[in-house]
Amino acid sequence: MNQSKDSTKTINNQFDDLTNGMAQSVTRRAALKKFGVGLAGMALVCLGLATGAQAQTSEVCDPAGDAVYNNGNGGPTIPDWLDLAKGTIIDADDSILFTMRVNAPIPLIPSWNNAEDGGQFWWSWRIVNDAADITFVSNGCLQAKGQTVPACYCLDLIWNVQAANFRARLLDDTLCTETFVPFAFSADRSEVIMLVPKVLFTNAALVQNPNSFQYLMETFVWKGGPNGNTSLKIVDNAPTQTGGGFILGAWSSTGNTSLDCP
């Protein structure tokens, strides 16, 4: 009986750690309402994570110091808090927990002289069915119209320099629709945690089954200016993209996967 009480207390503490870490732009209550789930449902998710019962994990690792500006063709040194280290995806029953680690704590107020007023920093996941079936879209969601990008779900934590806030969203870049998602930082702010209910993956053309997909992690800098988001630049990705084509990590709720990790 005492063991049961101790377990419940531990789960409650872990739930509070997660929700208390959410940035000001997404309160605990508002984040829960965004997904239409109650406190009991979230507690069950945390129970699954705490016990590790049948939780499947996918991970991708990335070398330190490989983040570059302008595709390595010269430019400023990238802050270590935009340099990817590791990404982990964990099955949480009806939801998926995404954790991205970078090589330095993300500042409370991120600042870099290459992102002026109106600029943004993104810590992102790109999610598709299969790299072999990637299609492309030119619709202005991520880049200006006329510029082509892969069709995918975009899971992004975004710091807006001008608004001085963080927000996290799941974007369908073929329909330009987005849904806010709850997020948190680890205690040392070197990890970004986002929780996404599987029911949000509604576009089968992008993800047929949220229990199985491929993914890429990326960090971006969006330098403010008259050209708007045409200045969005990738500064790091994991898996590292070399030799053409797409190299993606694989997620499955039925098994564990690992890529480029020791």
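Tutor: The talk below goes from the sheet to salt bridges, cores and backbone.

Tutor: This is a predicted model, in which local features need pLDDT of at least 70, side-chain atom pairs count only at pLDDT 80 or more, and totals for chains, interfaces and linings use all residues. Residues are numbered from 1 along each chain as its sequence is written, and side-chain values use heavy atoms, with hydrogens and water left out.

Student: What makes β1 and β2 paired strands?

Tutor: Strands are DSSP runs of E, at least two residues, numbered from the N terminus. Two strands pair if DSSP finds at least two bridges between them. β1 and β2 have five bridges, in the antiparallel sense, so they meet the rule for a pair. Across that pair, Glu59 stands opposite Thr88 in β2.

Student: Which strand order does the open sheet have?

Tutor: Its six strands run in the order β10-β11-β3-β2-β1-β15, with mixed pairing.

Student: Why do β10 and β15 count as edges?

Tutor: Each has a single partner strand, so one side of each is left without a neighbour in the sheet.

Student: Why is the contact between Lys86 and Glu59 called a salt bridge?

Tutor: The term needs a side-chain nitrogen of Lys or Arg within 4 Å of a carboxyl oxygen of Asp or Glu. For Lys86 and Glu59 the closest N and O atoms are 3.0 Å apart, so the pair qualifies.

Student: How do you know whether Lys86 and Glu59 are buried or partly exposed?

Tutor: Buried means under 20% relative accessible area, exposed over 50%, and partly exposed in between (1.4 Å probe, protein chains only). Glu59 is at 19%, so it counts as buried. Lys86 is at 22%, so it counts as partly exposed.

Student: What makes Arg101 and Glu191 a salt bridge?

Tutor: Their N to O distance is 3.3 Å, so the pair passes the cut-off. Arg101 sits in β3 (residues 95-102) and Glu191 in β11, so parts 90 residues apart in sequence are tied together. Arg101 is partly exposed at 35%. Glu191 is partly exposed too, at 21%.

Student: How many salt bridges does the structure hold?

Tutor: The structure holds eight. One of them joins Glu178 and Arg169, with the closest N and O atoms 2.7 Å apart. Arg169 is buried at 5%, whereas Glu178 is partly exposed at 34%. Both belong to a network of salt bridges that also links Arg126, Asp156, Arg167 and Glu218.

Student: What makes a group of residues a nonpolar core?

Tutor: Such a core is a set of buried Ala, Val, Leu, Ile, Met, Phe, Trp, Tyr and Cys residues joined through side-chain atoms within 4.5 Å. The largest has 46 residues, and Trp123, Trp125 and Ile127 have the most contacts inside it. A second, separate core of 14 residues includes Ile134, Ile158, Leu216 and Phe220.

Student: What is the phi of Arg189?

Tutor: Arg189 has a positive phi of about 65° although it is not a glycine. Arg189 lies in the loop between β10 (183-185) and β11 (191-197). At 17%, Arg189 is buried.

Student: Which residues does the cis peptide bond join?

Tutor: The bond joins Ala238 and Pro239, with omega about 0°. Pro239 is found in the loop between β13 (232-238) and β14 (249-252).

Technical notes:
Helices (H or I, at least four residues) and strands (E, at least two) are DSSP runs, numbered from the N terminus.
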